[in-house]
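This report describes the structure shown below. It goes through selected residues, then the sheet and the core.

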Amino acid sequence: MKNQQNTGKENIAAHSFSLNNRKQLNMTGVKEVVTFNENKVILQTTQGNLSIKGEDLNIHNLNLDDGSVKIEGYVSSLEYTDKINSKGLLNKLFK
C-alpha cells in the first residue's frame with residue numbers, strides 16, 4: 001500500500017528522498033520524468049516539480065507504478081518549483 005498524506009484537498013502519495021555522498025539519490029513520490037540529460041533531471045513529484053543538477057546523472061530503477069526512482073551521478077543541487085513554464089522549458093530544449 002502506498003503511503004499517503006491527507007492535505008485536506010486530496011490524498012497524495014508521500015514524497016521523500018535520500019542522498020548518499022552526493023552520488024546516489026533514491027526517491028519516492030515521483031509521478032513523471034519531465035526531462036533529463038547528464039547535467040539536469042526534472043521530475044514531477046507529488047510535492048511539485050524537482051530540478052536535480054549535477055554531473056554524469058543517470059536514471060536507474062524508474063518505476064512510475066510505485067513512484068520510485070534511483071539517480072546516480074554527482075548531485076550539485078536540488079530545487080523545487082511549484083510549476084514549470086512549458087513554453088520556457090520547450091524553448092530551453094530547442095536552443
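## Ser 18

Ser 18 counts as partly exposed because its relative accessibility is 34%; buried means under 20% relative accessible area, exposed over 50%, and partly exposed in between, with a 1.4 Å probe and protein chains only. The residue lies in strand E3, residues 16-20. Helices (H or I, at least four residues) and strands (E, at least two) are DSSP runs, numbered from the N terminus.

Neighbours within four places in sequence aside, Ser 18 is in contact with Gln 24, Leu 25 and Asn 26, where contact means heavy atoms within 4.5 Å. Ser 18 and Lys 70 are 52 residues apart along the chain, and their C-alpha atoms are separated by 9.7 Å.

## Basis of the model

This is a predicted model, in which local features need pLDDT of at least 70 and side-chain atom pairs count only at pLDDT 80 or more, while totals for chains, interfaces and linings use all residues. Residues are numbered from 1 along each chain as its sequence is written, and side-chain values use heavy atoms, with hydrogens and water left out.

## The sheet

Strands of a sheet pair through backbone hydrogen bonds, either parallel or antiparallel. Here six strands form an open sheet in the order E3-E4-E8-E7-E6-E5, with antiparallel pairing. E3 and strand E5 (30-36) stand at the edges with a single partner strand each, so one side of each has no neighbour in the sheet. From one strand to the next, the twist averages 40 degrees; axes are lines fitted to C-alpha atoms, for helices over the stretch in contact, and angles run from 0 to 180 degrees between N-to-C directions.

E4 and E8 pair in the antiparallel sense over four bridges; two strands pair if DSSP finds at least two bridges between them. Met 27 has Val 69 in E8 as its bridge partner.

## The nonpolar core

The largest nonpolar core has 11 residues, among them Leu 25, Met 27, Val 30, Leu 43 and Val 69. Such a core is a set of buried Ala, Val, Leu, Ile, Met, Phe, Trp, Tyr and Cys residues joined through side-chain atoms within 4.5 Å. Two or more of the core residues come from each of the strands E4 (24-28), E6 (40-45), E7 (48-63) and E8 (68-81).

Val 30, a member of this core, touches Leu 43, Gln 44, Thr 45, Leu 64, Gly 67 and Val 69, not counting residues up to four places away in sequence.

## Thr 45

Thr 45 is in strand E6 and counts as buried because its relative accessibility is 3%. Its side chain reaches the backbone nitrogen of Gln 47 at 3.1 Å and the backbone oxygen of Gly 48 at 2.6 Å. Beyond four places in sequence, the residues that Thr 45 touches include His 15, Met 27, Val 30, Leu 50 and Tyr 80.

## Salt bridge and positive phi angles

The structure holds one salt bridge, defined as a side-chain nitrogen of Lys or Arg within 4 Å of a carboxyl oxygen of Asp or Glu. Glu 72 forms a salt bridge with Lys 70, and the closest N and O atoms are 3.3 Å apart. Glu 72 is partly exposed, at 27% relative accessibility.

Arg 22, in the loop between E3 and E4, is not a glycine but has a positive phi, near 60 degrees. Its relative accessible area is 38%, so Arg 22 is partly exposed. Asn 61, in strand E7, also has a positive phi, about 50 degrees, although it is not a glycine. Asn 61 counts as exposed, at 57% relative accessibility.

How values were computed:
A polar contact is a pair of N or O atoms within 3.5 Å; within protein, one must be able to donate a hydrogen and the other to accept it, and residues adjacent in sequence count only if both atoms are side-chain atoms.
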